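Please work through each task before reading its solution.

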Amino acid sequence: MQVVVGRIRRAHGIRGDVAVEVRTDEPDRRFAVGNVLPTDPADRGPLTITASRFHSGLFVLSFAEVKDRTAAEELRGTWLVMDSADIGPTGDPDEFYDHELIGLSAVTVTGEPVGVVTDIRHHGQDLLVIAPGSTPGQGTEVLVPFVTAIVPEVDVPAGRLVIDPPPGLLDP
């Protein structure tokens with residue numbers, strides 16, 4: 001599974017540098033010199049980082065494959081991605097990456113099946129999107145706040161999470 005680590009916003013200067021909107025908790029690690037990042041769309045990459053610096057709230061990157069401002073402008077809107085297998089565990093037992101949660105089976109504290117996590121929405125708070133049944137598309141999805149009071153147990157190796165829903169949360 002590909003995960004987004006950044007998005008190229010615009011060209012920066014005349015030498016082919018680009019300003020990048022960061023979408024990772026570890027920008028210094030993900031945008032280190034020498035890293036090769038696949039892109040979405042794929043035909044715009046992969047891109048090899050030759051320089052990286054922080055400037056006015058954005059990372060400014062230089063790529064070996066981009067020699068001038070015109071080439072940098074053509075990358076506007078390109079997503080910088082990496083394979084989720086290359087991202088190690090967080091090290092915190094109460095913290096999860098989205099790709100670890102997607103696909104988990106959801107059950108209530110009494111063991112009643114709820115569905116499968118199909119997405120995570122990051123708005124005012126994190127919401128698990130759960131499709132009923134064992135596969136997506138079998139009915140109306142449910143949005144479950146991803147907080148310990150409602151999701152007391154997440155067991156990634158076992159492929160499931162437990163939900164203790166307040167009354168009405170799972171009603172259609």
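**Exercise 1.** The charged end of which residue sits over the ring of tryptophan 79?

*Solution.* The model is a predicted one, in which local features need pLDDT of at least 70, side-chain atom pairs count only at pLDDT 80 or more, and totals for chains, interfaces and linings use all residues. Residues are numbered from 1 along each chain as its sequence is written, and side-chain values use heavy atoms, with hydrogens and water left out. A charge sits over a ring if NZ of Lys or CZ of Arg is within 6 Å of the ring centre and within 35 degrees of the ring normal. The residue is arginine 7, whose charged end lies 5.7 Å from the ring centre of tryptophan 79.

**Exercise 2.** Classify the aromatic pair of phenylalanine 54 and phenylalanine 59.

*Solution.* Rings of Phe, Tyr and Trp (its six-membered ring) pair if their centres lie within 6.5 Å; planes under 30 degrees apart count as stacked, over 60 as edge-to-face and the rest as tilted. The whole structure holds three aromatic pairs. Phe31, Phe54 and Phe59 form one aromatic cluster.

**Exercise 3.** Is phenylalanine 59 buried or exposed?

*Solution.* Buried means under 20% relative accessible area, exposed over 50%, and partly exposed in between (1.4 Å probe, protein chains only). Phenylalanine 59 has 7% relative accessibility and is therefore buried. Phenylalanine 54, at 58%, is exposed.
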